[in-house]
Amino acid sequence: MSGCYVTLPSMNKSQAVRTLALLGLLMFGTALIPFAHAQPSVTATVNVGLYQPYGVAYDPANGDVYVANFGDGIVSVISDSTNTVIANVSVPGTPADVAYDSAKGEIFVSDSSVDKVYVIDDTTNAVAAVVTVGNDPRGVVYDPAQGDVFVATSGASGSDDGSVQAISDSSNTVGPPIGVPGFATGIAYDSAKGELFVSNGDSTVSVVSATSDKVVTSVTVGSDPRGITYDPTNGDLYVANDGGDTVSVISDSSNAVVTAVTVGANPFYSTYDPVLGQVIVGLYQDASIAQISDTSNTLVGTISVGGYNDGIAYDSAKNEVFVANFGVSTVSVVSLSASSTGTTTTSSTQTTSSTLVTTTGQTSPTTTSTSATSIVTTTSQTSPTTATTSSTPITTATSSTASSTVLPWNYLAVIAINAILLLALAGRLATQGRNPNRSLN
């Protein structure tokens with residue numbers, strides 16, 4: 001009969017005990033190596049705008065990240081290769097959220113103060129069109145199936161109700177409003193179902209058909225829902241409940257909440273990382289981002305970033321996320337790669353001074369461009385908030401504080417070999433203890 005055997009060298013009992021201790025230290029020390037060298041971390045901090053960076057979107061065509069600076073009417077363009085601001089696009093109001101249109105190579109930016117959506121050409125970084133929409137537009141999302149960009153507003157014209165409006169990316173014309181409950185903010189597109197999920201101020205999420213432009217159903221979630229992220233891997237929608245410190249998980253097959261994940265103070269916006277299979281959620285008050293596994297729907301880790309996190313976007317080329325730090329006028333660049341080795345935050349020297357390229361191809365109302373270099377730090381969000389506290393029919397509440405690091409196979413192999421040696425040596429010691437006249441050989 002063949003098999004695998006471990007042959008131990010001859011040694012006395014004292015030598016065996018010392019060997020056993022050394023093997024134990026080796027095994028546990030090896031187990032700690034990945035934790036010391038593979039943690040996700042902030043790799044750069046980029047100064048943007050004068051204050052209050054809000055929405056963020058990644059453009060895979062040029063590798064740039066577009067950041068709407070809510071407080072100073074500027075859309076900053078960050079190169080993901082250098083992590084510096086390479087252009088500033090001036091707009092007349094308070095830019096809020098951002099979406100990328102892959103078919104046209106355009107960036108759509110909502111402006112909550114003047115009820116506009118700006119269309120920015122990503123080759124010239126200039127405003128190519130201005131579209132008038134409903135009251136207080138916030139969330140924007142691109143629908144590649146129809147070539148439309150949908151925007152969530154706090155109210156259709158002349159009413160206090162919320163709405164969703166479709167903007168054709170071929171003509172930049174806007175369709176009639178689709179009524180939803182008031183203070184509609186976050187919006188996500190479900191490519192599998194051709195549906196839109198819109199967060200509302202009454203602690204609900206409206207499900208809207210993108211083809212019929214009609215509300216399909218309404219789902220009750222946590223308090224004050226904001227950002228929504230669609231996960232194409234499992235077909236679930238993740239809703240950040242700013243007032244409930246949870247993320248509601250909605251199944252798009254049943255349009256029902258299947259669980260809620262407790263993540264920390266004031267989850268606001270989120271994004272999906274297909275490499276790790278995680279939903280990354282910005283925590284406004286916690287100055288950190290949370291990592292949710294989309295297989296277990298549990299919290300698997302947190303990463304410290306800047307302060308008062310709002311918009312967040314995933315960079316597929318570099319497996320990084322760009323996080324807008326509303327209160328400190330920066331964008332944190334977080335590496336999610338398993339090979340990440342550092343935790344040092346480096347501050348970019350690029351600011352919004354006159355050395356930046358400022359493009360002002362705006363043909364709509366007069367723009368006011370600011371070139372001051374001082375940064376104003378704020379400690380509170382100026383956008384409207386709601387105090388809804390309606391209950392949530394959540395079936396399961398789950399959270400975990402486990403590390404997000406996955407051990408590479410080679411470390412696991414070394415640990416397994418050391419464990420086998422430990423067990424074999426322990427067995428020999430036990431045998432010697434029962435038979436004192438026998439030596440280890």
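This is a predicted model: local features need pLDDT of at least 70, side-chain atom pairs count only at pLDDT 80 or more; totals for chains, interfaces and linings use all residues.
Start at Phe 108: its bridge partner in β8 is Val 119. Strand β7 covers residues 106–111 and strand β8 covers residues 116–121. The two pair in the antiparallel sense, over 6 bridges.

Now widen the view. β7 and β8 sit in an open sheet of 4 strands, in the order β6-β7-β8-β9. The pairing in this sheet is antiparallel. Its edge strands are β6, residues 95–101, and β9, residues 126–132. Each edge strand pairs on one side only. From one strand to the next, the twist averages 25°.

Next, look at the aromatic rings. The model has 9 aromatic pairs, counting rings whose centres lie within 6.5 Å. One of them joins Tyr 284 and Phe 326. Their ring centres are 6.4 Å apart, and 50° separates the planes, a tilted pair. Tyr 284 lies in the loop between β23 and β24, and Phe 326 in the loop between β27 and β28, so the pair ties together parts that are 42 residues apart in sequence. Both Tyr 284 and Phe 326 are buried. They also belong to one aromatic cluster, with Tyr 54, Phe 70, Phe 268, Tyr 269 and Tyr 308.

Finally, how confident is the predictor? The chain averages a pLDDT of 78, and 66% of the residues score at least 70. Over residues 32–37 the pLDDT is below 50. Beyond near neighbours in sequence, that stretch has 13 contacts in the model. Residues 434–441 also stay under 50. For residues 434–441, the model has 13 contacts beyond four places in sequence.

Notes. Residues are numbered from 1 along each chain as its sequence is written. Side-chain values use heavy atoms; hydrogens and water are left out. Two strands pair if DSSP finds at least two bridges between them. Axes are lines fitted to C-alpha atoms, for helices over the stretch in contact, and angles run from 0 to 180 degrees between N-to-C directions. pLDDT is the predictor's confidence in each residue, from 0 to 100. Contact means heavy atoms within 4.5 Å. Rings of Phe, Tyr and Trp (its six-membered ring) pair if their centres lie within 6.5 Å; planes under 30 degrees apart count as stacked, over 60 as edge-to-face and the rest as tilted. Buried means under 20% relative accessible area, exposed over 50%, partly exposed in between (1.4 Å probe, protein chains only).
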